[in-house]
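Subject: Structure handover

Hello,

Please find the structure we spoke about below. My notes on it follow.

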Amino acid sequence: MQIFEVIRWGNDCADPVTGGPNGPDTCFLVRAGTVEEAADLVDARLAMLTHEQVQPWSHAIYLMGEDLASREDARILRGPYIQSAYCHGWRQWHRDEKGEPWQEKTVR
């Protein structure tokens with residue numbers, strides 16, 4: 001199993017400065033076997049949250065590391081939490097629309 005940070009750009013806060021698609025991001029820490037499995041877990045959770053100003057699906061996924069625990073169940077470990085998502089050289093995948101295949105983005 002892998003540990004991923006799954007990100008929706010922005011948040012649904014009503015504050016005009018810190019909310020909306022350009023505000024800090026909505027993030028989840030997820031244990032899953034694949035990028036797709038991590039996104040499916042988060043997309044189901046995001047669909048239950050308010051999303052008047054932002055899209056109700058994940059936009060980016062960062063591979064944080066490997067889970068060495070003996071458990072094999074995919075699940076959300078933490079989230080949602082609101083913060084600016086920064087990629088620090090990790091492997092990353094992005095999509096522009098829900099349902100599109102995830103595309104790995106190479107870091108230079």
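I begin with a residue of the first strand. Leaving out residues up to four places away in sequence, valine 6 touches Thr26, Cys27, Phe28, Val30, Ala38, Val42, Ser58, Ala60 and Ile61. Please keep in mind throughout that this is a predicted model.

Nonpolar cores

Valine 6 is among the members of the largest nonpolar core that touch the most other members; the others are Phe4, Val30, Ile61 and Trp93. This core has 14 residues. At least two of its residues come from each of β1 (2-8), β2 (25-32), α1 (35-48) and β3 (60-66). The element that gives the most is α1, with five residues. A separate core of six residues lies apart from this one, and its members include Ile7, Ala60, Tyr62 and Ala85. As background, nonpolar side chains in soluble globular proteins tend to be buried together.

Strand β1 and its partners

Six of the seven residues of β1 are buried, so the strand is largely enclosed by the rest of the structure. β1 pairs with β2 in the antiparallel sense, over seven bridges. In that pairing, phenylalanine 4 has valine 30 of β2 as its bridge partner. β1 also runs antiparallel to β3, to which six bridges join it. There, glutamine 2 stands opposite glutamate 66 of β3.

Leucine 29

Leucine 29 is found in β2. It is partly exposed, because its relative accessible area of 24% lies between the limits of 20% and 50%. The C-alpha atom of leucine 29 is separated by 5.4 Å from that of leucine 77, although the two residues are 48 apart along the chain. Beyond residues up to four places away in sequence, leucine 29 touches Ile3, Phe4, Met64, Arg75, Ile76, Leu77, Arg78 and Tyr81.

Helix α1

The length of α1 agrees with expectation: at 1.5 Å a residue, its 14 residues should span 20 Å, and its end C-alpha atoms are 21 Å apart. The buried residues in this helix are Val35, Ala38, Ala39, Val42, Asp43 and Leu46. Viewed down the axis of α1, the buried residues fall within an arc of 125°, so they line one face of the helix. On the face of α1 turned away from the buried side are the exposed residues Asp40 and Met48. The buried residues of α1 are covered by elements including β1, β2, β3, β4 (75-83) and β5 (92-94).

Which residues does aspartate 43 contact, leaving aside its neighbours within four places in sequence? They are Pro56, Trp57, Ser58, Arg95 and Lys98. Aspartate 43 counts as buried because its relative accessibility is 6%, which is under the 20% limit.

Salt bridges

How many salt bridges does a search of the whole structure find? It finds four. Three of them are described here.

Aspartate 43 forms one with arginine 95, with the closest N and O atoms 2.5 Å apart. The pair links distant parts of the chain, as aspartate 43 is in helix α1 and arginine 95 is in the loop between β5 and β6 (103-105), 52 residues apart. Both aspartate 43 and arginine 95 are buried.

Arginine 31 takes part in the next two. Its salt bridge with aspartate 67 has closest N and O atoms 3.0 Å apart. This pair also links distant parts of the chain: arginine 31 is in strand β2, and aspartate 67 is in the loop between β3 and β4, 36 residues apart. Arginine 31 is buried, with a relative accessible area of 5%, and aspartate 67 counts as buried at 16% relative accessibility.

The salt bridge between aspartate 73 and arginine 31 has its closest N and O atoms 3.0 Å apart. Aspartate 73 lies in the loop between β3 and β4 and arginine 31 in strand β2, so this pair ties together parts that are 42 residues apart in sequence. Aspartate 73 is partly exposed, with a relative accessible area of 28%.

Regards

Methods: Residues numbered from 1 in each chain as written. Predicted model: local features only at pLDDT ≥ 70, side-chain atom pairs only at ≥ 80, totals over all residues. Heavy atoms only, no water. Core = buried A, V, L, I, M, F, W, Y, C linked by side-chain atoms within 4.5 Å. Buried < 20%, exposed > 50% of the residue type's maximum accessible area, 1.4 Å probe, protein only. Helix = DSSP H or I, 4+ residues; strand = E, 2+ residues; numbered from the N terminus. Contact = heavy atoms within 4.5 Å. Expected span 1.5 Å × (residues − 1). Arc of directions from axis to C-beta. Salt bridge = Lys/Arg side-chain N within 4 Å of Asp/Glu carboxyl O. Pairing = 2+ DSSP bridges.
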